[in-house]
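Subject: Structure handover

Hello,

I am passing this structure on to you. Please look through it first; my notes follow below.

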Amino acid sequence: MRVSTNTIYDLGVNAIQQQQAKMLHTQQQVSSGRRILTPADDPVAAARAVEVSQSASVNARYAANRGAAKDSLSLAEGVLQGVTGVIQDVRELALKAGNPVLTNSDRMSLAVELRGRFQELLGLANSADGTGQHLFSGYQGATQPFAQTPAGAQYAGDDGQRLVQVGASRQMAVSESGSVIFERIRTGNGTFSTAAGSANSGSGIASPGTVTDPASLTGHSYQIAFRVAGGTTTYDVLDTTLGTAVSSGNAYASGNAISFSGMRLEITGSPADGDTFAIAPSTNQSIFQTLNDLIGALEAPVSGQAASARLSNGLTTALSNLDQGLDNVLGVRAAMGARLKELDSLQSTGEDLALQYQQTLSQLQDVDYAAAISQLTRQQTYLEAAQKSFLKVSGLSLFNYV
């Protein structure tokens with residue numbers, strides 16, 4: 001076979017360039033730490049690396065969302081902690097107001113303090129985060145949720161809960177509606193409420209009452225009407241929903257239980273002839289209205305037995321409603337605490353998943369330095385051999401032998 005000089009040079013140069021290209025590729029792998037520099041290096045592994053990278057990116061986005069959700073919930077829970085403190089302070093003032101040695105002036109001073117607590121509570125209910133979004137206005141973050149009115153406060157938000165995607169299959173509420181926290185509070189004991197008639201002239205005071213038999217509850221409204229004749233006090237129990245008598249002529253003794261339709265309450269004191277007490281199913285009432293009613297009860301002058309009983313009944317009602325409001329706020333805080341705990345669990349799982357993604361990517365992309373350096377040394381030897389052999393072959397000539 002006849003080989004021309006050009007062929008020798010071309011083949012020799014090509015061999016050297018191929019060895020240089022291979023060595024350069026290995027050197028780039030070593031310097032970058034990546035085994036796959038282009039998809040052509042390992043098409044299957046490259047495609048898999050893209051999938052894992054996308055999954056890792058999504059997981060990182062969920063992690064950021066969880067962080068934002070935790071910040072929002074922590075802020076809201078902190079505000080509700082302040083609300084809890086205000087309600088507890090108001091309850092202590094209501095208990096203090098029941099002290100019989102207090103004068104009208106003393107109770108007026110307590111009412112002034114309660115007005116300050118009212119403004120504090122209103123400010124907490126209108127709290128906003130660092131971006132100016134109100135915490136308790138539902139979806140309408142830019143809308144101030146509560147505005148003061150003569151009856152308490154008016155809610156301007158909605159019932160929505162802002163949701164954040166904190167996992168592939170988990171959306172979490174990071175806000176609560178102000179209506180749920182501050183307005184949907186059951187009156188009385190949560191099942192029924194008691195109220196003294198506005199025209200009562202005796203000293204009868206009704207307790208909040210309790211449920212003795214849930215199966216016997218009818219959901220009707222009732223009235224206890226007192227009669228005093230010949231020094232004897234009796235009472236009738238009327239079903240005002242049906243307009244029928246439940247019982248009549250019952251002997252009354254202060255503090256004795258009055259039971260009917262699965263309910264029981266006590267009335268103390270001496271009701272006058274014609275005095276009435278209403279028992280009705282619990283309804284929703286704003287904590288602001290409860291506080292407003294309490295302030296009104298303390299500002300009303302007390303003079304005489306009937307006024308004193310009216311104040312005591314008002315304080316009893318306020319304390320029951322405050323207890324319901326406190327329980328409601330604590331329930332919301334407990335729900336937020338459960339979400340915060342779940343976020344911690346999700347974050348821990350997400351961190352484990354991120355580590356798995358990193359390990360998978362490392363296995364797919366990262367170079368084996370021991371193997372790569374060994375390969376680089378071998379390729380360097382090949383290149384030196386190609387260069388030396390080309391030098392020898394290219395130097396051959398017949399003229400050397402003439």
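Where is Thr241 found? Thr241 sits in the loop that runs between strand E10 (232-239) and strand E11 (244-251). Please keep in mind that this is a predicted model. Thr241 has a relative accessibility of 45%, so Thr241 counts as partly exposed; buried would mean under 20% and exposed over 50%. Leaving aside neighbours within four places in sequence, the residues in contact with Thr241 are His220 and Ser221. His220 is 21 residues away from Thr241 along the chain, and the C-alpha atoms of the two are separated by 5.6 Å. With Ser221, a polar atom of the Thr241 side chain lies 2.8 Å from the backbone nitrogen.

The protein as a whole

The protein has 402 residues, and 37% of them are buried. Its secondary structure consists of seven helices and 15 strands. Of the contacts with a separation of 6 or more, 67% are between residues 24 or more positions apart.

Leu364 belongs to helix H6 and has a relative accessibility of 16%, so Leu364 counts as buried.

Aromatic pairs

How many aromatic pairs are there? The count comes to ten. Two of the pairs involve Phe226, and I describe them here.

In the pair of Phe226 and Tyr252, the ring centres are 5.1 Å apart and the planes stand at 85°, so the pair is edge-to-face; the cut-off for that class is over 60 degrees. Phe226 is in strand E9 (residues 222-229), while Tyr252 is in the loop between E11 and strand E12 (257-260), so this pair ties together parts that are 26 residues apart in sequence. Phe226 and Tyr252 are both buried.

The pair of Phe226 and Phe277 is also edge-to-face, because the planes are at 80°, with ring centres 5.9 Å apart. Phe277 lies in strand E14 (residues 276-281) and Phe226 in strand E9, so here the parts tied together are 51 residues apart in sequence. The relative accessible area is 2% for Phe226, which is therefore buried, and 1% for Phe277, which is therefore buried too.

Ring pairs also link a cluster made up of Phe118, Phe136, Phe146, Tyr155, Phe182 and Phe288. Tyr155 comes up again at Ser179: apart from neighbours within four places in sequence, Ser179 is in contact with Tyr155, Asp159 and Arg184. Ser179 is part of helix H4 (residues 178-183). Its relative accessible area is 7%, so Ser179 is buried.

The cavity

How many cavities of 30 Å³ or more does a search of the whole structure find? The search finds one. About 70 Å³ of space lies in this largest cavity. The elements that give two or more residues to its lining are strand E6 (192-196) and helix H6 (305-365). H6 gives the most, with five residues.

The lining of the largest cavity consists of Gly188, Ser193, Thr194, Ala195, Ala196, Ala206, Pro208, Asn313, Thr316, Thr317, Ser320 and Asn321. By class, four of these residues are nonpolar, eight are polar and none is charged.

The largest pocket

The volume of the largest pocket is about 420 Å³. Its lining has 27 residues, and those nearest the centre of the pocket are Ala297, Arg310, Leu311, Asn313 and Gly314. Asn313 is also among the residues that line the largest cavity.

Which elements each supply at least two residues of the lining of the largest pocket? They are E6, helix H5 (287-299) and H6. H6 provides the largest share of this lining, ten residues. The lining of the largest pocket divides into twelve nonpolar, twelve polar and three charged residues.

To recap helix H6: H6 gives the most residues to the lining of the largest cavity, supplies the largest share of the lining of the largest pocket, and contains Leu364.

Regards

Technical notes: Residues are numbered from 1 along each chain as its sequence is written. Side-chain values use heavy atoms; hydrogens and water are left out. On a 1 Å grid over the protein atoms alone, a cavity is a set of points where a 1.4 Å probe fits but cannot get out, and a pocket is an open set with protein on both sides within 12 Å along at least five of seven lines; lining residues have an atom within 4 Å of a point. Grid points are joined across faces, edges and corners, and a volume is the space filled by probe spheres set on the points. Helices (H or I, at least four residues) and strands (E, at least two) are DSSP runs, numbered from the N terminus. Ala, Val, Leu, Ile, Met, Phe, Trp, Tyr, Cys and Pro count as nonpolar, Asp, Glu, Lys and Arg as charged, and the others, Gly among them, as polar. Buried means under 20% relative accessible area, exposed over 50%, partly exposed in between (1.4 Å probe, protein chains only). Contact means heavy atoms within 4.5 Å. A polar contact is a pair of N or O atoms within 3.5 Å; within protein, one must be able to donate a hydrogen and the other to accept it, and residues adjacent in sequence count only if both atoms are side-chain atoms. Rings of Phe, Tyr and Trp (its six-membered ring) pair if their centres lie within 6.5 Å; planes under 30 degrees apart count as stacked, over 60 as edge-to-face and the rest as tilted.
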